[in-house]
Amino acid sequence: MSDSYYELLDEDANGERFVATDLVRSTWSAAIQHGAPVSALLVRALERCDARDDTRLSRVLIDLLGPVPAEGDLWVRAKRERSGTQIELIGAEMLAVGPDGNPRPVARASGWRLQTIDTEAVAHASAPPLRPVSDAWSRDMKKDWDRNYVHSLDWRWLTKPLSDGPGESWIKPEVDLVKGESMTQLERLFAVADDANGIGSKLDIGKWMFMNTDLVVHVHRIPEGEWTGIRAETSYGPDGIGTTIGTLFDESGAVGAIQQSVLVRPMPGR
């Protein structure tokens with residue numbers, strides 16, 4: 001893969017310094033980043049912080065503190081918040097230049113990193129698997145937008161959008177997270193996990209905005225392969241607030257669960 005979401009420039013007192021490509025741009029506005037690349041880059045930092053071979057991330061919480069600019073320098077840094085032999089808490093944040101010209105946090109992540117042992121004998125996933133990738137079809141969504149995040153994906157649907165019940169899709173990133181680097185399996189998962197909100201949506205994107213402010217992912221098994229499956233459903237309250245709840249899959253079965261808070265607003269001009 002030659003394209004990427006980010007290019008690593010150098011490292012300074014604020015952390016690793018990156019510049020984003022057009023492929024991070026949101027479907028809501030070309031001036032801001034989609035939450036998925038942001039999440040994946042924060043997970044990269046969580047995984048690399050004081051890395052240990054005998055641990056892995058179990059739960060990751062991403063908070064989007066506001067619009068993440070698609071242009072200009074970005075910094076990412078991480079630190080261990082709680083040390084432990086079996087349980088560690090790692091924190092990471094992304095910074096961008098604020099109105100005063102100084103870097104400020106625009107997204108934060110925390111991750112519980114747990115020590116691994118062999119529990120193959122009791123491995124189990126309760127969620128029924130998705131139908132295979134071969135049953136899914138493309139909606140050719142790239143034609144609907146200028147070059148942005150959607151153009152970085154092979155996105156195939158198992159369900160008709162806006163139909164009753166959970167939405168189901170298979171998604172594969174077709175670019176690197178960071179130029180010249182191979183994605184880890186968790187980076188690949190988080191490069192698409194944020195799409196659960198759109199997959200579970202029951203609202204017409206031409207009439208409504210539904211932007212998630214966070215995502216929480218619990219991973220009971222590290223995924224394998226290039227494809228991530230998502231089964232998700234969004235519920236909407238009477239006061240402009242919704243929630244998305246979903247399950248994440250690889251081609252062998254469920255690997256984790258996701259939840260998102262959703263801000264619901266009429267599309268301007270509608």
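Through how many residues does a hairpin join β14 to β15? In this predicted model, the hairpin between β14 and β15 runs through two residues, and the two strands, of which β15 spans residues 253-266, pair in the antiparallel sense over ten bridges. Within this pairing, I245 stands opposite Q259 of β15. Strand β14 itself, comprising residues 241-250, is mostly covered, seven of its ten residues being buried.

Most residues other than glycine have a negative phi. D140, however, has a positive phi of about 50 degrees and is found in the loop between β7 (137-138) and β8 (153-157), where its relative accessibility of 42% makes D140 partly exposed. For L162, which is likewise not a glycine, phi is positive and near 70 degrees; this residue is located in the loop between β8 and β9 (167-173) and, at 47% relative accessibility, counts as partly exposed.

The structure holds 20 salt bridges. One of them is formed by the side chains of R25 and E71, with an N to O distance of 3.0 Å. Because R25 lies in the loop between β2 (15-20) and α1 (35-48), whereas E71 lies in the loop between β3 (55-64) and β4 (74-82), the pair ties together parts that are 46 residues apart in sequence. R25 is buried, with a relative accessible area of 14%, while E71 is exposed at 57%.

A salt bridge is also formed between E174 and K142, the closest N and O atoms of which are 3.3 Å apart. This pair links distant parts of the chain, since E174 is in the loop between β9 and β10 (176-178) and K142 in the loop between β7 and β8, 32 residues apart. Both partners are partly exposed, with relative accessible areas of 36% for E174 and 30% for K142.

In the salt bridge of E88 with R80, the closest N and O atoms are 3.0 Å apart; E88 is buried, with a relative accessible area of 2%, whereas R80 is partly exposed at 34%. These two residues belong to a network of salt bridges that also links D50, R52, D54 and R113.

Note on methods: Residues are numbered from 1 along each chain as its sequence is written. This is a predicted model: local features need pLDDT of at least 70, side-chain atom pairs count only at pLDDT 80 or more; totals for chains, interfaces and linings use all residues. Side-chain values use heavy atoms; hydrogens and water are left out. Helices (H or I, at least four residues) and strands (E, at least two) are DSSP runs, numbered from the N terminus. Buried means under 20% relative accessible area, exposed over 50%, partly exposed in between (1.4 Å probe, protein chains only). Two strands pair if DSSP finds at least two bridges between them. A salt bridge is a side-chain nitrogen of Lys or Arg within 4 Å of a carboxyl oxygen of Asp or Glu.
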